[in-house]
Amino acid sequence: MRFLLFFIQSWWWLLVFVTATETSSNPSLKFPEPLTEENFKSTISENLHIVEFFSPYCPHCKSLAPIWEATYFDFYEESQKLNISFHQVNCIESGDLCEQEKIMFYPNIRLYGPDGYIKDYPGGSVHAKEDLINFARQEALDADNLDLTKLRSKSKFATDADLLKLLSEPQTEPYLVSFWPSTDFEDVDSSYSFKDCEKCSQFQRIWKLVSNKADSEGITTIHFNCANNTKNSKNDLICRELSYDSLTNERSSREDRYPRVALILPHFKSGSFVKFPYGKLQSDSYSIMDFAVRTLHNSKVPEIDRFEIQNFVEQPMKDILSPDIEDDKMILVFNYDPKTVVPEDTEFLEQLIEPLTYLPNVYLYKCPSDLMALSHNFYKKLYEKFNVDPAVEFSENRFIASSITQLPTFYLFKKSTFTPIIFPGFSTTETRDIKTILDWLTINSMPLVNELTPRSYRPLIGFEPEIYDKAVIQVINRSSNKFEKGSRKLVEGLRDAAHSYEVVRDEIVYDSLQLARDDKNKAVDKLKSKNVPSRRVVEAMRKEIDHIYDHKALFLYLDINSDPFFLDDLGLNANRRDYKTGDILIFDKKNGFYYEKDAKGEYLTLKTLPRTLAAINFPQRYPELQIERVRVVTPFAVLYNLADTFREATGLYYLLVPVMLFTLYKLPKVIQYHKLKKRYAAKRDTHGILGAKLSKETKLID
């Protein structure tokens, strides 16, 4: 047995060696020796480095070893261009170094730069070659990882008296404040040993960068210790009042112990303290600065005119595959009539400042211009530019039905998006209802197209499932410049298809609305003809007709090169299809099906996508169309398919379901009964101290 195990291990390591040798385009390239205490600091003093701290006795480290080696060779040439490299540290041979770096488990993968430790490899991420390479690429291009050794922090240390003054008096300038679980952390540029705070050292580096970025935006940064350094200090009291209890001496748990950030807005008598809404996972300089700059902007509610809005919407995106801040920007406009607006209307806008921090890329403005006319122009352009075949005729009544509101109200505009998004406010009560406005804004805050990745899958698929019950997934390939150019055209085509679906959906929603109105009028006429009491007639006339807001769709694109088996992992490849660039799926998030063909049985294209999606979402509109659906592959897929067969073949399905439920309910009791019976029978079949079994003759005599 030992010989067999030795034989398998020998062949395994030989295979790893051959694979590593073949994957390397440079035959003279050798896998580097682990770093030691002698050369660790000199190695990381330039560029970026991904370091694996390992133990040769760790099973997980042994599993990672061939992957790490293959990653090194495959990524070597690209790593030289990106100035990032892979290294290892053997914590058995270099125990002092690992203790110095506070390595608590193996394998521990970290990113280092010239000024030391930067961050950990993302927790929960898979240690596959593709994941390691993608992590290296992202970090090499992240501005937060630049060499900060020569950069000096501009954050000012604040005492308890300083912070109390900032919180109690209206300020003339904005302050961005960081709160730390420490007693005497005063100099951000100096090394500091934080207690029970794994993220503090990493955030110290980020805060140095934030302080310089904030300074260029006219925002003063300060840092504050939440733990008392003397008996008379009020630091912990202040932090507890701000609900930062975990940063004080009386901490609640180690998990909550990471620095917090908040913004103090100028010229506010109350409500000036706004907390950074995201946790430690999004505490990077980009997210913090976006929070600070947007919140400061939204607190001012600057004015914008209709021509600026028109230019914003019609201006093409710089790169749909890699949108920048301006491309992702969304403009929320408070539209009002200067003749009729009252102070309560504008004062209400202050209540939106903090909630808007939770919605990325939303900028608040106000505008007295006629935005209904501008939305009408966009609506016409939607029908002119993105119509389907056969074309849907433009209708003024449809626009009126989709844009019923009254001033003051809200409009939401996105770059290169022509579908009007108008808040359906029918009274000032609704226009000042913060929950109603935020619900409307959240539902419509999703960009028209989004990238689908393993990290974005859950937030996207879980986004408003009752409204966005379908997800369109288009396959692209960004493995080279040539493929990326073609993929960019495909995603732009996907955006056009999203507009086209809105044209079809708009027609169906309006026709459904008209049908409901006709049914209501018929019901009222019927009551009148029967001479029923006028009260019943009035009740029928007052009956509200619900507008259809659901059956929207998410339009997503997936780079198949970055994760070739991602669709398989999601269960969206039951037919073992070899997905290629341009392939399209429609995923029914609610019911666990997906569609890959149109009504003619042909694979989906951008041209057939809008009508096919409409037929799936509104089957009553297209009763003659039969579109094949495929069950998402899950452990229970066989049972689901069996149930589908019964339902489609016979009415016995509706009898089968309660029978199955009753069986599942009774099954544990039946099993328990038989276990007890068997145990009782076993006891009856024994006698005496030793419990010897009775013979057949003894049983007969008995």
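Predicted model: local features only at pLDDT ≥ 70, side-chain atom pairs only at ≥ 80, totals over all residues.
1. The side chain of Asp506 meets that of Arg398 in a salt bridge, with an N to O distance of 3.8 Å. This pair links distant parts of the chain, as Arg398 belongs to helix 14 and Asp506 to helix 18, 108 residues apart. Arg398 is likewise buried, since its relative accessible area is 7%.

2. The overall composition of the chain is as follows. Its secondary structure comes to 24 helices and 20 strands. The chain has 702 residues, of which 44% count as buried. Among the contacts in the chain with a separation of 6 or more, 72% are made by residues 24 or more positions apart.

3. A search of the whole structure returns 29 salt bridges. Side chains of opposite charge can pair when their charged atoms come close. One of the salt bridges joins the side chains of Lys381 and Glu314, at 2.9 Å from N to O. Here too the link is between distant parts of the chain: Lys381 is in helix 13, Glu314 is in helix 10 (residues 306–314), and 67 residues separate them. How accessible is Lys381? At 27% relative accessibility, Lys381 is partly exposed. Glu314 is also partly exposed, with a relative accessible area of 32%.

4. Glu484 is buried, because its relative accessible area is 18%, whereas Arg488, at 23% relative accessibility, counts as partly exposed. The pair also belongs to a network of salt bridges that links Asp319, Arg478, Glu484 and Arg488.

5. Rolling a probe the size of a water molecule over the atoms shows where empty space is left. For the second largest pocket, the computed volume is about 1300 Å³. Its lining comprises 44 residues, and those nearest the pocket centre are Ile422, Pro424, His547, Ile548 and Tyr549. By class, this lining contains 27 nonpolar, seven polar and 10 charged residues.

6. Which helix gives the most to the lining of the second largest pocket? Helix 18 does, with eight residues. The elements that each supply at least two lining residues are helix 13 (371–385), helix 14 (396–402), helix 16 (434–443), helix 18 (481–529) and strand 15 (552–559).

7. Most residues other than glycine have a negative phi, and most peptide bonds are trans. Tyr106 and Pro107 are joined by a cis peptide bond, with omega at about -15 degrees. Pro107 is located in the loop between helix 4 (95–100) and strand 3 (108–113). A cis bond also runs from Asp389 to Pro390, where omega is near 0 degrees. Pro390 sits in the loop between helix 13 and helix 14, two helices that each supply at least two residues to the lining discussed above.

8. Positive phi values are recorded here for two asparagines. Asn361, a residue other than glycine, has a phi near 75 degrees. Asn361 is placed in the loop between helix 12 (343–347) and strand 11 (362–367), and it is buried, with a relative accessible area of 16%. Asn531 also has a positive phi, about 55 degrees, although it is not a glycine. Its place is in the loop between helix 18 and helix 19 (534–542). Is Asn531 buried or exposed? Asn531 is exposed, because its relative accessibility of 69% is over 50%.

How values were computed. Residues numbered from 1 in each chain as written. Heavy atoms only, no water. 1 Å grid on protein atoms, 1.4 Å probe; cavity = no way out; pocket = protein on both sides within 12 Å on 5 of 7 lines; lining within 4 Å. Points joined across faces, edges and corners; volume = space filled by probe spheres on them. Helix = DSSP H or I, 4+ residues; strand = E, 2+ residues; numbered from the N terminus. Nonpolar A, V, L, I, M, F, W, Y, C, P; charged D, E, K, R; others polar. Salt bridge = Lys/Arg side-chain N within 4 Å of Asp/Glu carboxyl O. Buried < 20%, exposed > 50% of the residue type's maximum accessible area, 1.4 Å probe, protein only. Contact = heavy atoms within 4.5 Å.
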